[in-house]
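Subject: Structure handover

Hello,

Here is the structure I promised to pass on. Please open it first, then read the notes below.

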Amino acid sequence: MSLPPFSTEFDIIFAGGGTTACVAAGRLAACDPSLKILILEAGEHTLNKAAHVQPWQYFVHLAPTSTSVTYNIGNPSSRLNGRAPVVQSGHCVGGGSSVNFMVYTRAPASDFDDWRVDGWESENLIPLMKKVETYEVQPDRPTHGYDGPIKVSSGGCKMGLCDEFIQVGTTYHKRPYSEDTNDLETCNTYSPWRKYIDSTTGRRSDAAHHYVYNQAHNPNLQIWAGKRVKRVIFEDKRAVGVEFTSDPVSCPDADQSVSTVRASKLVVVSAGTFGSPGILERSGIGAEGVLKRCGIEQLVNLPGVGENFQDHNAAFVPYYVADSVVTMDALWCGQESVIHENLAQWNSNGKSLIAQNGGDAKIKWRPDDEELKAMGSAFQPRWKEFFQDRPDKAVAIFAIFAGYLGPLHGVLPPGKYMNSSYYTLYPASAGSVHIKLEEDGNDGMDFTTGYLDDPSDILPLNFAYKKLREVFRRMPSYRGEIPAGHPSFPEGSAAVCGKVSGPVDLNAPDIIYTAEDDEAIDRFHRDHVQTTWHSLGTCAMKPEADGGVVDARLSVYGVSNLKVADMSIPPLNVGTNTYSTALLIGEKAAMIIAEDLGIDRRP
């Protein structure tokens, strides 16, 4: 499926080759192999590359030198103490599905009902959620699927630290245990964290390999990697093709001249939350002010393009663990003997730490009355307005990773560590993504994350730090905090961090934090809160009058033969790691496009 002799016309062009594009294009090609479908992807191919198929290697994609993600740099924010946040997005065939943490989480069904979009109600989407997956964990679960292309399993081995996390969570934190919190309604229970890993092969279960690379026998399904779409070409207001160049990152030595390719039936913009609004704006679709500043003639006035940027706010906090504990650290630090030993087993039977991401346990957390009181009155309006009467919606996910990845990686000495991970699922804040002209005349991005702009957003993070620290302190393998990765508490505080010889008793009193300590925690989060790589919303599917960009059929308002299909279309946030939602949108997009084109969809 490498670049063929140049063809100037296809039936359908996908402008972007991430998760949703792979799903939709793959399904359409399987339904009608005679359809000429082109996927243009700025990033490189991922076919059978170790960094993309071996689960343990997901961390390499977050290295500063990585070319498999794009580093989207936000505008400095006073809410982040003047920091310019960075949000990475997939830059390769398969997009986020080829580089993500592979954690399996699904949104509550009510999230989709809240969109209030005809045809996108949960009752219409659950069959597609089931169609996506082969759930290898438990049989006969009514909301799970058992013959889909994407495998869901427990990974290649079990991490004992995660059992400790669940044990302390169900006793000290007094929450129940549940085997499945991805049944579209259960939350506030400690549970195992399943993974998008094939239990037989031990490989990452991504959209590229399971929807498009497996159709290499079909010459009508083409993927042109290293090709960045600049804009959509219109005749009157009908989309008839796209203009593209070689991507300067994937193809640094390639000719940067502009090429065009035509689409006889449909153009689907699928470049993600960052790429899709940019393509529309460069095509003359967007707010007048944005386009005028860039010298672009307006074709359609759609001021919602690039607005409504949403994400989840995360923090990762490191701890020491006992030397006897199994963690991912030896692999992540590059200890060759450990890597070779685990690779030998993985090559033999798909097991070992190679088929692991280190995260085996979580809770989709909702506060009880005591915890709500501890968060203070400033969170109460948000709680009452959004969460109180929606018992299936978690405020945050609390989790553990057996091993350390983060800014101290390479600085900390070789050892055994664990990471506390927590991220809020429905922040009230929102941002925007627009094109701009840089001083040198080149394309740039005007990106505002909105992180912590709403005062209520930081309060669950501050509480999560304290509660998870108490959970970790009680785990048998706990050996203290790594001070450089924690708030800087004043000298003499009971909260001062450091190495210890063992855990506190399960019934030990909690740390008492002073007002100064609370300020340190608040400052820590403003200095360090980060993306969860769950960006969405910038081409929202809602009424045009409400700032919408696409309708329920994914068609862009004001033009014809143009759709958007990716994580930019959700109008509201979803309480999940977003790979599951991107897969779902891909399946729904394939259904819509097949109906529009009169293609008979086989089951």
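How many bridges join β15 to β16, and in which sense do the two strands run? Five bridges join them, and they run antiparallel. Two strands count as paired if DSSP finds at least two bridges between them. Helices (H or I, at least four residues) and strands (E, at least two) are DSSP runs, numbered from the N terminus.

Some ground rules. This is a predicted model: local features need pLDDT of at least 70, side-chain atom pairs count only at pLDDT 80 or more, and totals for chains, interfaces and linings use all residues. Residues are numbered from 1 along each chain as its sequence is written, and side-chain values use heavy atoms, with hydrogens and water left out.

**The whole chain**

The protein chain holds 15 helices and 22 strands. Its radius of gyration is 24 Å, close to the 25 Å that the globule rule gives for 603 residues, so the chain is as compact as a globular protein of that length. That radius is taken over C-alpha atoms, and the rule is 2.2 Å times the number of residues to the power 0.38. Along its principal axes the C-alpha trace spans about 70 × 55 × 50 Å.

Of the 603 residues, 60% are buried. Buried means under 20% relative accessible area, exposed over 50%, and partly exposed in between (1.4 Å probe, protein chains only). The accessible surface comes to about 22800 Å², and carbon and sulfur atoms hold 50% of it. These areas come from the Shrake-Rupley method with a 1.4 Å probe; for residues, only the protein chains shown count as cover.

Contact means heavy atoms within 4.5 Å. Take the contacts between residues at least 6 apart in sequence: 73% of them join residues at least 24 apart.

**The cores**

A nonpolar core is a set of buried Ala, Val, Leu, Ile, Met, Phe, Trp, Tyr and Cys residues joined through side-chain atoms within 4.5 Å. The largest one has 173 residues, and Phe 14 and Leu 562 touch the most other members. Helix α15 (residues 579–597) gives the largest share, eleven residues. A second, separate core has six residues, including Tyr 320, Tyr 404, Tyr 417 and Ile 482.

Leaving aside neighbours within four places in sequence, Leu 562 is in contact with several residues, among them Val 232, Phe 234, Leu 266 and Ile 285.

Now α15 itself. It is mostly covered, with 16 of its 19 residues buried. At 1.5 Å a residue, these 19 residues should span 27 Å, and the end C-alpha atoms are 27 Å apart, which agrees. The expected span is 1.5 Å times one less than the number of residues. Gly 598 follows α15 and has a positive phi, near 70°.

Strands β18 (residues 432–437) and β19 (residues 443–448) pair in the antiparallel sense over six bridges. Lys 436 has Gly 444 of β19 as its bridge partner. Five residues lie between the strands of this hairpin, and Gly 441 takes a positive phi near 90°.

Most residues other than glycine have a negative phi. Arg 116 has a positive one, near 55°. It sits in the loop between α3 (109–115) and α4 (122–132). Ser 352 also has a positive phi, near 95°, and lies in the loop between α10 (336–349) and β15 (361–365).

Which of these is buried and which exposed? Arg 116 is exposed, with a relative accessible area of 75%. Ser 352 counts as buried, at 4% relative accessibility.

**One more strand residue**

Thr 245 is found in strand β10 (residues 238–246). This residue is buried, with a relative accessible area of 10%. Beyond its neighbours within four places in sequence, its contacts include Gly 226, Arg 228 and Gln 256.

Best wishes
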